[in-house]
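Let's take a walk through a protein model together, one piece at a time. Keep the sequence and the 3D view open while you read.

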Amino acid sequence: MAELLFETSFHSYRVVNTLGEGGSGIVYKVEDSGGKMHALKCLDASKTTKEKRKRFKNEIFFCLRNSHKHIVVVSDYGIATIKGKECPFYVMPYYSSTLRELMKKGVAPDKAPYYFSQILDGVEAAHLKSIWHRDLKPENILHDPTSDLLVIADFGIAHFGEEHLQTFVETDQNTRLANFRYAAPEQRTTSHIVDQRADIYALGLILYEMFTGMLLQGTGHLPIASVAAQYAYIDNIVEGMVRQLPKDRFASIDAVKQRLIAYKNDFISRQRLSELTSAVIPRSEIDDPLVTDPVRLTDVDYQKGNLIFVLNHQVNNKWQESFK
């Protein structure tokens, strides 16, 4: 294992140990030539299909361009030859823990909403770019103990919007796009559309599990109110997230956030896409170009009965109507 080396155009990474293994790949803890630790995800050549390679490519390019602090960032990528077969890989920051590890130790009730707000921010940032994760689970939510930050990872089976779609991926009708444990009902069949509401379903299960330590299944389950009375209102929120039919669930992450804010969770931040950069930013952040660079009058003229104003830059129709 110590002799396994991954190289890119500018860096080399030595495998320290294996962090995990999934249906199509292996995640290693690696050390670069400068002694810094990273995580490296490599497609397993023996399990790689054409479709999996396309999805892996989409995942790499989305995370390369990502700037949101609650979504994992890809810092490097390449192709390694292992046992005579080419295996694509990418490099990301190394996180020593996951939400699963936090939940095994027990999440304090007062800490759960704080962690959940970070998860909501990360998933919503993807949704605002028309990307549905479709495989959310505690193991795919990484944790940095130093900053106490949670980061969404593993977009391997995500649905990507046109902006981020590098290669068209056609999913076979019989392909199952999630683990069953956190999968929404519509993901367990082949005849239903799977969209952002599948992520909302999985998030409802995760929220419930953070409080109770149990996976929500069936009826007559233990209410959150019985383990954390001050958070009894979350039972209703969870119920609205895990409805059987997608049309009956919260339609967006923002709808979930608004319900949490209504119960004085003031640390919850609503987000939107920036008009200037298309990055995901807090709704309270001002990025209107007419505010950041106000309109100034540079010249005035009068011709044939018309008063002409010359401005420093173009303005939109809304501004013109207001001016008139």
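**Before we start**

This is a predicted model, in which local features need pLDDT of at least 70 and side-chain atom pairs count only at pLDDT 80 or more, while totals for chains, interfaces and linings use all residues. Residues are numbered from 1 along each chain as its sequence is written, and side-chain values use heavy atoms, with hydrogens and water left out.

**The whole chain**

The protein chain holds 8 helices and 13 strands. Along the principal axes, the C-alpha atoms fill a box of roughly 80 × 55 × 45 Å. Of the 324 residues in the chain, 44% are buried. Here, buried means under 20% relative accessible area, exposed means over 50%, and partly exposed is in between (1.4 Å probe, protein chains only).

Now for contacts, which means heavy atoms within 4.5 Å. Among the chain's contacts with a separation of 6 or more, 54% are between residues 24 or more positions apart.

Take α3 (residues 112-127) and α4 (residues 196-212). α3 has 16 residues and spans 22 Å from its first C-alpha to its last, close to the expected 22 Å. α4 has 17 residues and reaches 25 Å, close to the expected 24 Å. The expected span is 1.5 Å times one less than the number of residues.

How much of α3 is buried? The count is 15 of its 16 residues, so α3 is largely enclosed by the rest of the structure. α4 is mostly covered too, with 16 of its 17 residues buried. Just after α4 comes G213, with a positive phi of about 80°.

**How the helices pack**

Two packed helices are described by the angle between their axes and the distance between the axes. The axes are lines fitted to C-alpha atoms, for helices over the stretch in contact, and the angles run from 0 to 180 degrees between N-to-C directions.

| Helix pair | Angle between axes | Distance between axes |
|---|---|---|
| α3 and α4 | roughly 170° | within 11 Å |
| α3 and α6 | about 150° | 9 Å |
| α5 and α6 | roughly 170° | within 11 Å |

Angles under 35 degrees count as roughly parallel, over 145 as roughly antiparallel, 65 to 115 as roughly perpendicular, and the rest as oblique.

Start with the axes of α3 and α4, which cross at roughly 170°. That makes α3 roughly antiparallel to α4. Their crossing is right-handed, meaning that the near helix is turned clockwise from the far one by less than a right angle, with anticlockwise giving a left-handed crossing. The contact includes F116, L120 and H127 of α3 and Q196, L203 and F211 of α4. By class, its residues divide into 11 nonpolar, 2 polar and 1 charged. Ala, Val, Leu, Ile, Met, Phe, Trp, Tyr, Cys and Pro count as nonpolar, Asp, Glu, Lys and Arg as charged, and the others, Gly among them, as polar.

α3 also packs against α6 (residues 253-262). These two are roughly antiparallel to each other, and their crossing is left-handed. Among the residues that meet are F116, D121 and E124 in α3, and D254, K257 and L260 in α6. This contact has 6 nonpolar, 1 polar and 4 charged residues.

Y233, I237 and M241 of α5 meet V256, R259 and L260 of α6. That contact has 5 nonpolar, no polar and 1 charged residue.

**Some single residues**

Q196 sits in α4 and is buried, at 18% relative accessible area. Leaving out residues up to four places away in sequence, Q196 touches H127, W132 and A251. Q196 and S252 are 56 residues apart in sequence, yet 7.3 Å apart C-alpha to C-alpha.

D44 lies in the loop between β4 (37-43) and α1 (50-65). Is D44 buried or exposed? D44 is buried, with a relative accessible area of 15%. With the residues up to four places away left out, D44 touches S24 and G25.

Finally, look at two lysines in loops. K83, between β5 (76-82) and β6 (85-93), has a phi near 55° and is exposed at 84% relative accessibility. K264, between α6 and β10 (271-273), has a phi near 65° and is exposed at 70%.

Definitions and conventions: Helix = DSSP H or I, 4+ residues; strand = E, 2+ residues; numbered from the N terminus.
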